[in-house]
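Please find below a note on the model under review. The sequence and structure come first.

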Amino acid sequence: RARRARRLAVEFTRNLLAHESKMTDWKTSIVGDIVDLVHRNGGNIVFFDVPLSTPFKRVLTTPTQAQNILEFRGQASAWDALVLIPQVQYTDDDLPDLWHSRHDLAERYTSALADGWTRAVPANWESGSSSRTCSGR
């Protein structure tokens, strides 16, 4: 099964690369709708990077996707949302099917995410006081 899932991941990401597109407006995306819903109900938003295998990382390294990421980070700031980027060392061996992590990576990642969260979130998180990007260890 893992071998088949790995092949699917490679095919899927090749298709993504062949049909990549620029995000036109984050404010009118489904993500924007979710942010609006959360804000209307008094909540705050946190976005975070997750461990990705090499094929999925490759999708994010194109000039188009690099621009999408830059624009997303700007929009996240406008939404007063945190963006956490936990720093965890891993290889594709830690993602045996290239989609899902082994338990060891999940534990290390979760710990790094929690560390980043405790450093980044203000004690009294209020709208307007939280927008920043934070790299974990």
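1. Basis. This is a predicted model, in which local features need pLDDT of at least 70, side-chain atom pairs count only at pLDDT 80 or more, and totals for chains, interfaces and linings use all residues. Residues are numbered from 1 along each chain as its sequence is written, and side-chain values use heavy atoms, with hydrogens and water left out.

2. Overall fold. Five helices and three strands make up the secondary structure of the protein chain (helices are DSSP runs of H or I with at least four residues, strands are runs of E with at least two, numbered from the N terminus). Their order from the N terminus is α-α-β-α-α-β-α-β. Of the 137 residues, 33% count as buried (buried means under 20% relative accessible area, exposed over 50%, partly exposed in between, with a 1.4 Å probe and protein chains only). Among contacts (heavy atoms within 4.5 Å) between residues at least 6 apart in sequence, 75% join residues at least 24 apart.

3. Strands. Strand E1 (residues 46-48) and E2 run parallel and are joined by three bridges (strands pair if DSSP finds at least two bridges between them). Phe47 has Val83 as its bridge partner in E2. From E2, Leu82 and Leu84 point one way and Val83 and Ile85 the other, and all are buried. In a regular strand the side chains alternate between the two faces of the sheet.

4. Helix H2. Just after H2, Gly42 takes a positive phi of about 85 degrees.

5. Asp92 is placed in the loop between strand E2 (82-85) and helix H5 (103-120). Which side chain of opposite charge is nearest to the buried Asp92? Arg6 is, at 5.2 Å, and Asp92 has no salt bridge (a side-chain nitrogen of Lys or Arg within 4 Å of a carboxyl oxygen of Asp or Glu; Lys and Arg count as positive, Asp and Glu as negative, while His and the chain ends are not counted). The side chain of Asp92 does make a polar contact of 2.8 Å with that of Thr54 (N or O atoms within 3.5 Å, one able to donate a hydrogen and the other to accept it within protein; residues adjacent in sequence count only if both atoms are side-chain atoms). Ser53, in the loop between E1 and helix H3 (54-59), is buried, with a relative accessible area of 1%. Its side chain reaches the backbone oxygen of Leu98 at 2.8 Å.

6. Salt bridges. The structure holds five salt bridges. One of them joins Glu71 and Lys22, with the closest N and O atoms 2.7 Å apart. Because Glu71 lies in helix H4 (residues 63-78) and Lys22 in the loop between helix H1 (2-18) and H2, this pair ties together parts that are 49 residues apart in sequence. Asp49 and Arg73 form another, at 3.7 Å between the closest N and O atoms.

7. Arg108 and Asp94 meet in a salt bridge of 3.7 Å, N to O. Arg108 lies in helix H5 and Asp94 in the loop between E2 and H5, 14 residues apart. Arg108 counts as partly exposed at 30% relative accessibility, whereas Asp94 counts as buried at 16%. Salt bridges that share partners join Asp94, Asp104 and Arg108 into one network.
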